[in-house]
Amino acid sequence: MLQPYASPLERAWYVGLRVLVGLILLFLILPILVIIPLSFNADSFLMYPMSGFSLRWYEDFFTSPAWRRSLANSLIISPLATLLAMVLGTMAAIGLVRARFPGKALLTAILISPMVVPVVIVAVALYMAFAPFGLTGTYTGLVLAHAVLGVPFVVTTVTATLQGFDFNLVRAAGSLGAGPLTTFFRVTLPQVAPGVISGGLFAFAISFDEVVVTLFLASPEQATLPRQMFSGIRENISPTIAAAATILVLMSTLMLLTLEWLRRRNERLRGVSPG
Amino acid sequence: MNARLSRTLLRSALAASLACLGLGGIAHADVTVISFGGANQAAQDKAFYQPYTASTGSRVIAGEYNGELARVSAMVQAGNVTWDVVEMESPELVRGCDEGLFEKLDYSRIGKTEDFLPEAVTPCGIGIFVWSTAIAYDADRLKEAPRGWTDFWDVNKIPGKRGLRKGAKYTLEFALLADGVPPEKVYETLATPAGVSRAFAKLDELKPHIVWWEAGAQPPQLLAAGDLVMSSAYNGRIAAARKEGRNLRIVWNGSIYDLDYWAIPVGTRQRDEAYRFIAFASRPEGQRVMAEEIAYGPTHKDAVGGMPAELAADLPTAPANLQGAFATDTEFWVEYGEDLEQRFNAWALR
Amino acid sequence: MTALCETADAPIAPRALKRRLRHAERRRNLLFAALIGPLAFFVLASFIVPIASLLGKSIDNPEVHGNLPQTLALLEDWSGDALPDDATFASLAHELTQAAGTPAVANIAKRLNREQPGTRTLVMRTARGLPLPEGTPAREGLIQLDARWGETQTWHLLRNAGGAFTGFYLLSAVDRTVDADGNIVASPPEEAVYLDVLKRTFVMSIVVTAVCLLLGFPLAYLMATLPARHANLLMILVLLPFWTSVLVRVAAWIVLLQNEGLINQLLMWTGVTEAPVQMLFNRFGVYVAMVHILLPFMVLPLYSVMKGIPPAYLRAAVSLGCPPLRSFWRVYFPLTLPGIGAGALLVFILCMGYYITPALLGGPNDQMISYFIAFYTNQTVNWGMASALSVVLLAATLVLYGFYVRYLGTPNTDAR
């Protein structure tokens, strides 16, 4: 808070900083605020001023075969890829945190490398590698590719959560007669669940927003929502894109709120913030 | 990397994931048809895809691209072809045919060859329609019509950005026309190194004012949004935009026409379906609907005849529109296309 | 290990204890292997192996080598001074006839054309003329199809391009080529584009990183100094665009920046300009959208570092008589350097690999190296070049990432 005895310079600094940050935040949020109203435009131009209110672009989104198929594809591919990444990633993170062996750092680096390699390189590499096995233009190929991209996020978040996990609890459970599976589901999992879920959310968001790998691997049959938006922006800018964008913004808000909720719950439970 | 090892690894990964996901290998009779998107695809949907689904019960999965033969070539060479039918322009069709990328068509499965325009019947592709690339402008913004490519190049007379299709094909022809080469001499000139240099030199003049487009849907949008003052454009897209109430016009002088063809990439999983679709789409009924939806001329003789005069006047083949227009020299582009495209790409980058 | 001893019912002989320990150790290791193994296998099979085999393609040279093996074998014994013997001609005619009408012939033609422009037509025209009429000797027949088969230079070209591996693509990626004497020299100017592209990639990444830093610093600073409730609100305003699809944001920037878009309407309404300003399909539009997309990656690490700087430091400096601006610069700013380093490297690395935004919002002069990798894969089927450029991009990325890990630890994704 600004003190009443602040000098004019301090006052100017105080106000100036707030105005500047306000402008930066406007820059960040403006595009999202601008695109949403256009999805309700009665006119067929993706342009202001709006001529009237209409739901026709939502109707178009939900009735046009291409948009509907892309939504369905996204809702098939992303959850499957997320599930695969979550299961494999969580298992590996638990192993990595507890095991000690030479080359562990290297192995960890390899497991999270898909996060670092530029996505175009991933796309081209997978395109060439998957084609001989008939995996391009298939759902399986896309799920595998999206899972690979999501895995590092699961591994890193679960690992971070496990750093604060007391493995004596596992030993205690064991000494009290619980089998390894019981221990995992009754003791370990409830503790690491927030990490697993936020890792999964990251993996989901990565897959749900993925377009470059999809451009290379998918045939029109598997076109996902971002892929459809990509061709929409290239081929045919219509307010249907704004409708799709609004739906995506809704989804991302939902994910953001879930994460925020998880974070707060975690803070409450532990009295610290993770990571 | 050891190819056998990678193959084994990937194969087991595939087997494992197939087992987990229960996906893949689902047999169906859908046919994937790739066309130039936008209004052209929308017209094809009405004229071909929907009626095809209604009559056969199998779905058409529509996709779009911008005419790159390499997309087919990459698929064939990577070893997994996911396109069943593709719309090709003539030089790329012939080149792909030479390179073994397309099926040699069995016309007994499509129709009687004598029913079609002679240009439409080729070993690897059957003509869909006649289309044209011409100058387009928004008459609400530009009061005085440009008269040809000389005006297109004249940034003092008509200031503003111009759109051209990103690629050597047509761009080089237009540059020579703007430089005063008569239409009948264009390809003769381009076949010489001096002619090519002349075309690039002329392009250098206009380069700062050019916006390159790739998808056919872009010119009408960019014109209507005021981002461009003039643009080369596919005539059908301009006619389609006019139907939506935009006052876009075409300058036929100096336009170049060509045919688009249906072709079947070698190695498609749905060869029979592909034939079935092409046979269906080559019937005069569908072609007539296509011409009504977008102003491209049909290739089936029965569809050409009996066209309402108003509709026929918009087609590239209308006698008035052929004034000052000429046909793409397919052989020229088959021979020189790849070298010129390569040079164009290097030029466009700098 | 004390737990183990305590649970033992009776005293154990040292040998038996060792055995049991070893046994337990082995079981633990097996368990860990079973936990890590599936992911390790998955990442290996569907990521590491594909990437490695892509990089391998940068020196792979299969086009001539794989399709004209017999001719190449015969050319090995060729002196190179005069034309090859009849057997070599016959072998070439035979092997080209087999390749004609398949993608193989186009590959041979394209490969040779990269060495010597104009050779594509030689191969394609010859292939169209094959097979030779019955009874025509191969030498005369080939030379009749194209006179260039009668020049020794053509055969040298064939032999040079026929190796199983080549440094051609990697050299091209840094604008170098091998001349007739085998020396590495600069590529001819009309082909020397890649160093420019690389420079452009770096310049664009630097600009985006710098702008992100300029905008991100005050934002993170205010967030770190505000009370938690307000800071949380700001954080949500930063995170919402961060979680919003990149495609949505690109579409939104088109709405804002197009000639009749909101920004231009505003500029013209306020009288700043008469005519609309071109902001799309040029560098400006790409910068705006990239900064928008990457800004949160700068803000988040900055914020987490600034949050950890006790405000007392700054107050102490001021109370000791140092003027506020100077204290800020001398005391606070140096403490934020780890955050600046982390944010800047992260933004820079992400920026270098960007593809979608320049592809949708930029012109041909605004494309970065990623565009060319995609271009050579999909639009010209020059996989050697795509791989070589991938090698360059990946090397640059890994070097920067190495810096990151060395000085700043692994990226903290939890902050996202």
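Helix axes are here lines fitted to C-alpha atoms over the stretch in contact, and angles run from 0 to 180 degrees between N-to-C directions. Helices (H or I, at least four residues) and strands (E, at least two) are DSSP runs, numbered from the N terminus. The structure is a predicted model, in which local features need pLDDT of at least 70 and side-chain atom pairs count only at pLDDT 80 or more, whereas totals for chains, interfaces and linings use all residues. Residues are numbered from 1 along each chain as its sequence is written, and chains are lettered from A and ligands numbered from 1 in the order in which they are written.

In chain B, helix α2 (residues 38–56) packs against helix α11 (residues 271–281) at an angle of about 115 degrees, the two axes lying 10 Å apart. Contact between residues is taken as C-beta atoms, placed from the backbone, within 7 Å. On the α2(B) side B:F48, B:Y52 and B:T56 take part, and they meet B:R276, B:F277, B:F280 and B:A281 of α11(B). This contact comprises 5 nonpolar residues, 1 polar and 1 charged, where Ala, Val, Leu, Ile, Met, Phe, Trp, Tyr, Cys and Pro count as nonpolar, Asp, Glu, Lys and Arg as charged, and the others, Gly among them, as polar.

Chain C touches both other chains discussed here. Its contact with chain A takes 65 residues from chain C and 69 residues from chain A. The most on the chain C side, 16 residues, come from α2(C), and by class that side has 49 nonpolar, 13 polar and 3 charged residues. The contact of chain C with chain B takes 36 residues from chain C and 29 residues from chain B. Here too α2(C) gives the most to the chain C side, with 8 residues; this side has 16 nonpolar, 15 polar and 5 charged residues.

A nonpolar core is a set of buried Ala, Val, Leu, Ile, Met, Phe, Trp, Tyr and Cys residues joined through C-beta atoms within 7 Å, a residue being buried if 20 or more other C-beta atoms lie within 10 Å of its own. The largest core has 277 residues, among which C:A251 and C:L294 touch the most other members. Helix α15 (residues 283–307) of chain C supplies the largest share of this core, 15 residues. Neighbours within four places in sequence aside, C:A251 is in contact with A:I35, A:M229, A:I233, A:I241 and A:A245.

Technical notes: A residue is buried if 20 or more other C-beta atoms lie within 10 Å of its own, exposed if 12 or fewer, and partly exposed in between; C-beta atoms are placed from the backbone. Two residues are in contact if their C-beta atoms, placed from the backbone, lie within 7 Å.
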